[in-house]
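Here are my notes on the model. Please read them with the structure open.

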Amino acid sequence: MLTVKARDTAGNTDSLTLLVPVQAAGAPLRLKVATWNLANAGAAFTGPVEKQLRVVLTQGLDVVALQETAGTAAQTLATALGWYTQQTAGSMGILSRYPLTAATTPALPAVGVTVQLPGGRSVRCWGTHLDETG
């Protein structure tokens, strides 16, 4: 179990306690992947970055495909988490606790990456932002 406590410049404090699972050597790797539309990077919400970070951490996510990042939210979240990211110039991004390679950003609102997993394994992940009018 790990507890992180933080204080902002206004003196406000908060803490987050995480259960960090430890796997036996050679155990099958479990990869928890999600996709999430951030709704214009959370612009309509109070404290969106903190709330987004809490979801990623409390859900134990390993890779998250993001839509509506406003061009910066994937990088902001990855920096705060100490994770890897691929942020497109548009509204797409992928966060990963594992290194990313072979990024692909086709003309569509999509992004693909190869996630480099422990033990020399890898998996290809894609995220896309589908058009609600189509």
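1. Terms first. Buried means under 20% relative accessible area, exposed means over 50%, and partly exposed lies in between (1.4 Å probe, protein chains only). Helices (H or I, at least four residues) and strands (E, at least two) are DSSP runs, numbered from the N terminus.

2. Basis. This is a predicted model: local features need pLDDT of at least 70, side-chain atom pairs count only at pLDDT 80 or more, and totals for chains, interfaces and linings use all residues. Residues are numbered from 1 along each chain as its sequence is written, and side-chain values use heavy atoms, with hydrogens and water left out.

3. Helix α3 spans residues 73–81. Its residues A73, A74, L77, A78 and L81 are buried. They lie on the same side of α3, because they cover an arc of only 130° around the axis (the arc of the directions from the helix axis to the C-beta atoms). T79 and A80, on the other side of α3, are exposed.

4. What do the buried residues of α3 pack against? Their partners are α1 (39–42), α2 (48–58), β4 (63–67), β5 (84–87) and β6 (92–96). Contact here means heavy atoms within 4.5 Å. G82 follows α3, and its phi is positive, near 75°.

5. T114 sits in strand β8 (residues 110–116). T114 counts as buried because its relative accessibility is 14%. Its side chain makes a polar contact of 3.0 Å with the side chain of R124. Such a contact is a pair of N or O atoms within 3.5 Å; within protein, one must be able to donate a hydrogen and the other to accept it, and residues adjacent in sequence count only if both atoms are side-chain atoms.
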